[in-house]
Amino acid sequence: MKSITGNIAVEGKNIVKDFIIGDTTTKVLKDISLKVLKSEFVSIMGQSGSGKSTLLYILGGLDTPTRGTVSMNGIDISKFDDEKMSRIRRQKIGFVFQFYNLIPNLDVEENIMLPLLLDGKKIRDYRKRLDEILEVVGLTDRKKHTPRELSGGQQQRVAIARALMGSPDILFADEPTGNLDSKTGAEIMELLQSINKNSGQTIIMVTHSPEAAKSSDRIITVKDGVIL
Amino acid sequence: MKIILKYILTNVKERKTRTIVMLLSIVLSAVLLFVSFSIGTSYENAQQKMARGMAGSAAISVSPLSPDDTVGLDDIPELTSIKAKAGMLEGSALYHEDGYYETIDLIASDLSLLNQINKPRLVSGGDIENFTGYKVILPDRFTSKYGIEKGDTVILQINGVPTRFEVAEIASYDTVFLRHTRGATALLPESTLAEILQKKNGYSEILIEPAGDVSAGELADTLTEELSGRPLSVSKVVNEEQIEADARQKSMPFFLISFFALTMSVFIIYSSYKVITLDRLPIIGTFRSIGATQKTVTRILMLESALYGFTGGIIGILLGTVILKLILRGMGDSLSAGIEIPVVITPAAVLLSFGTAVIVSILSAWIPVRRASRLPIKDVVLGMVEEKHMPNHHAAGIGIALLVVSVLLPRLASGKFLYPAGGFSLLGLISAAIMVIPLVTNLLSKVLERVYTVIFKNEGMLAARNLRDNKNITQNITLLFISISAVIAITVVGNFVNTYITDVFNGAELQGFADGEMDEDFIRQVEGMEGIEKILPVYVFNNEMQCQDHTFSRLEATDNLELYNSMFHLIYSKKDMEVSAISAFSETRSILLNEDVLNRNDYEIGDSLTLENDSGRNTYTIAGSFKSRATDVEAVIPSAYAIPDFKPAVYHFLAYTAADPDSIMIQIRDLFGNTQNWSRTVEEFNTDALSTVGVFLEPMFSMTYLILLLAAVGIINNLLINYIQKRRSIAMYKSVGLSNRQNIKITIIESLTSGIIGAAIAIVVSYLEIQTIFLVAGPKISMSPDLDFKTFLSAGLLGILVTLAGSVVPMVKSRKMKLVEEIKFE
């Protein structure tokens with residue numbers, strides 16, 4: 001277990017999230033506060049509808065809280081405009097989704113490079129880094145393939161590579177093994193664990209699977225919108 | 001069944017925007033089909049009415065062989081195949097005012113009989129009463145031109161004698177007053193005209209209407225047999241086949257509109273249904289998982305499309321009827337004399353439009369629905385369905401082959417195969433383009449990727465990459481190209497038909513002409529007029545020059561064939577013929593023949609013809625053949641030989657060009673003084689023609705707007721579909737850092753590029769379509785379409801603008817997009 005006195009990668013303070021459907025307001029997150037330290041691998045667990053994914057998306061800047069703040073490296077990002085938030089997504093964070101979310105008409109290399117391309121970088125300037133990442137995720141021989149030519153496990157590896165390409169401060173993963181068979185799921189978890197161990201990458205992961213959560217340093221359990 | 005219906009109705013209600021767009025496209029297609037079918041029929045009907053003119057419902061005419069004789073009603077046998085008959089007295093007169101001469105055809109009949117076959121329609125309404133003595137009924141097209149009112153006195157010169165008539169009534173330019181030649185028709189009391197013509201015991205002709213199902217041909221045969229041996233001639237009033245063929249040619253743009261409307265609606269409904277079924281996959285999965293068979297799922301979805309078809313068809317026909325009435329009323333009103341144009345709604349048009357709306361809806365939905373219902377249940381339930389990828393090169397290969405065949409076929413076909421070949425070519429060109437578009441887009445995307453990277457940086461590169469293998473983009477381009485090419489083809493063909501009908505002098509150099517007796521001194525005076533540029537006096541032999549059995553209806557002689565060619569825009573049958581004819585005219589007795597005369601008499605170039613009139617005879621060699629719309633001359637000979645051979649006393653026709661044609665015309669009319677002449681500027685002539693015929697074409701242009709509206713609905717529908725399918729992909733981009741500004745930039749680049757590709761393909765395809773249309777119609781017309789690049793360019797730009805405007809909605813919607821909802825939705 002790493003020391004919790006290290007630097008804070010992301011901090012949520014008094015996060016409240018309400019969903020309004022028709023006349024009904026559902027309180028999904030009820031005043032949650034948490035800190036994740038740099039290089040930490042945290043799993044967020046909970047039953048369906050507990051609010052764990054909502055918490056992840058709010059921490060990762062893909063969603064905004066109804067109340068409360070989110071800070072990354074001490075900077076409050078919850079009030080950022082679209083332009084600033086997009087830059088944060090390109091440069092400071094990486095996301096891995098359950099359904100991979102790859103762009104079907106871009107090949108593996110282009111998908112991995114996407115955050116950097118959106119940041120105005122050229123593929124040719126990142127060739128070495130790209131090859132390294134492809135090597136790490138084991139897809140060197142698949143770099144010119146499109147997502148539809150890859151298996152589920154391979155697609156998730158591309159998604160992980162894409163999330164890591166810009167050397168983000170934090171990697172968010174929403175049920176990264178949820179759509180994979182157990183063997184492939186275990187491989188993906190092994191990969192995430194090794195990335196965390198070898199390069200000190202901060203990872204916050206939502207998972208249903210206790211098996212997957214075992215790879216992390218800390219497990220946060222969410223139930224009915226609060227951290228247990 | 002009840003639950004299925006409830007499910008369908010809930011679907012329709014929940015997806016309001018899509019339902020409206022789908023319904024709108026079906027309604028508009030049905031309206032366009034219905035109106036274009038019905039307007040074609042109504043137009044044919046009006047054409048027939050005009051061609052029949054005085055004859056009305058009569059189809060047969062019996063007249064004496066000698067114009068000096070008469071024919072009586074008693075001369076016609078009582079036959080059951082005859083419904084009605086009316087005797088007509090016919091004479092001619094001249095009306096002269098301010099240098100204008102108008103030919104007036106005088107007619108008279110027993111009004112009770114005339115009313116049976118062609119009752120005159122008075123402007124004031126009501127019936128003709130107290131119509132005796134020196135009274136006249138004139139059409140309002142004539143009276144409004146000369147400011148004549150009811151009760152005025154007009155002077156008509158009959159056989160050179162000025163005769164005064166009181167204008168008893170003013171009639172609509174309709175029924176007996178309708179004519180397709182210049183001048184006007186005047187109705188006189190029967191006894192008055194009989195007295196003037198000194199024909200008190202009979203008529204100039206008897207017009208006969210056949211009974212019920214008896215055809216004109218059958219009655220003509222019967223009467224010819226019954227009247228054999230008598231000095232009478234039986235003939236059909238009009239050549240129905242010719243009228244039908246003429247009307248068909250003029251209603252061509254309307255059918256073109258139908259064709260495009262149909263193609264577009266198929267595409268719109270098909271693409272909508274593809275998305276609807278994709279959207280419904282979870283429901284399909286649920287149905288299948290609880291035991292619904294493939295057939296049941298297909299039936300449920302098909303029932304929904306049938307509902308759209310039925311509703312759209314019914315609304316379309318109702319709306320179409322209103323639009324048709326408005327258009328036809330507009331047509332009638334714009335004619336200065338207000339021809340009553342019947343609204344002809346045939347059951348065939350109703351059935352065809354309704355049937356098409358329903359069948360197109362069902363068939364367009366069938367392919368995607370069938371595909372969806374056949375998917376493995378597990379894949380559907382787990383949301384693992386991906387669109388099948390057809391290898392592009394197969395479709396593109398077939399497309400290229402089809403393109404080649406479609407371009408070549410109308411060029412190779414002839415005779416009765418020409419029309420089917422044309423139809424195949426039009427459909428083939430569109431289908432080929434649809435098949436080739438993915439390949440073209442992919443290739444262009446590769447080129448543009450490099451170009452855009454330089455111009456628009458990485459966003460440009462991503463936009464170009466997004467074009468590749470992107471079905472939404474190819475669908476957009478396809479719809480755009482169909483819409484733009486429809487607008488281009490309809491505009492070009494419409495303008496052509498307009499010009500063809502209303503501007504017979506198109507391409508001819510002359511700006512004015514005079515028809516009357518003119519001697520050398522007259523010509524010299526015209527030559528001396530200020531501002532005159534070119535002048536071509538012509539000797540005219542009307543119905544007097546004979547050659548074996550053929551009498552030339554009009555033969556002209558000129559001393560300057562080169563000028564004659566340009567003045568009348570003579571189109572020679574072969575390219576080098578013009579040069580050889582000019583040289584032959586200066587060297588020997590040569591004759592140029594109208595292509596019709598050449599073919600009808602089986603003459604060959606180089607044959608010798610002996611021409612003969614009352615003054616002499618001589619042999620002329622055929623130096624060439626031509627067609628021309630500016631002159632109805634049958635033959636042209638050199639005046640250097642015509643003068644000694646046939647001794648024409650004066651010129652009868654003069655064509656000229658001038659800086660101010662109007663001023664020359666006024667001076668020419670002045671020179672003629674009180675001598676009979678018919679002198680017009682080309683502009684004046686065209687204005688006259690436009691006021692009667694051109695107005696028939698106005699509805700076509702209003703229909704073009706409907707086509708544009710359908711195209712706009714289609715494009716918006718597609719952009720909506722595009723957004724529905726693309727929003728997840730936008731969310732994916734945004735999740736890795738795409739900002740709104742970048743999204744707008746990429747969307748604009750994508751829209752602009754797909755707009756440009758669609759417009760470029762449309763320009764090429766519509767050019768090929770126009771070629772096909774004129775290759776098919778070509779043998780019957782002696783004029784080429786005016787392919788104004790501006791039309792192509794502006795239609796293309798319009799398409800690009802519509803696409804750009806349509807991308808505003810996705811841009812706005814994606815700004816407000818809830819990222820998490822889109823990403824988590826699977």
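In the predicted model, the contact between the two chains draws 23 residues from chain B and 24 residues from chain A. On the chain B side, the elements that contribute two or more residues are helix H14 (418-467), helix H23 (698-735), helix H24 (740-777) and helix H27 (819-824) of chain B. H14(B) supplies the largest share of this side, with five residues. By residue class, the side of chain B that touches chain A consists of seven nonpolar, nine polar and seven charged residues.

Chain B contains 27 helices and 19 strands. Of its 826 residues, 46% are buried. Among the contacts in chain B with a separation of 6 or more, 84% are between residues 24 or more positions apart.

In helix H18 (residues 577-587) of chain B, the buried residues are B:Ala581, B:Ala584 and B:Phe585. In helix H3 (residues 111-118) of chain B, the buried residues are B:Leu114, B:Ile117 and B:Asn118.

In chain A, strand S3 (residues 41-45) is largely enclosed by the rest of the structure, because five of its five residues are buried. In a regular strand, side chains alternate between the two faces of the sheet. From S3(A), A:Phe41, A:Ser43 and A:Met45 point one way, while A:Val42 and A:Ile44 point the other way; all are buried. S3(A) pairs with strand S8 (residues 202-206) of chain A in the parallel sense, over four bridges. Within this pairing, A:Phe41 has A:Ile203 of S8(A) as its bridge partner. S3(A) also pairs in the parallel sense with strand S9 (residues 218-223) of chain A, again over four bridges. Here the bridge partner of A:Ile44 is A:Ile220 in S9(A).

Chain A also has an open sheet of four strands in the order S2-S1-S4-S5, with antiparallel pairing. The edges of this sheet are strand S2 (24-37) and strand S5 (75-76) of chain A; each has a single partner strand, so one side of each is left without a neighbour in the sheet. The pairing of strand S1 (residues 8-21) of chain A with S2(A) is antiparallel and extends over ten bridges. In this pair of strands, A:Ile21 is opposite A:Thr24 of S2(A). Helix H1 (residues 52-59) of chain A lies across S1, S2 and strand S4 (67-72) of chain A. The direction of H1(A) is at about 125 degrees to that of S1(A).

Note on methods:
Residues numbered from 1 in each chain as written. Chains lettered and ligands numbered in written order. Predicted model: local features only at pLDDT ≥ 70, side-chain atom pairs only at ≥ 80, totals over all residues. Buried ≥ 20, exposed ≤ 12 C-beta atoms within 10 Å, placed from the backbone. Contact = placed C-beta atoms within 7 Å. Nonpolar A, V, L, I, M, F, W, Y, C, P; charged D, E, K, R; others polar. Pairing = 2+ DSSP bridges. Axes fitted to C-alpha atoms, helices over the stretch in contact; angles between N-to-C directions.
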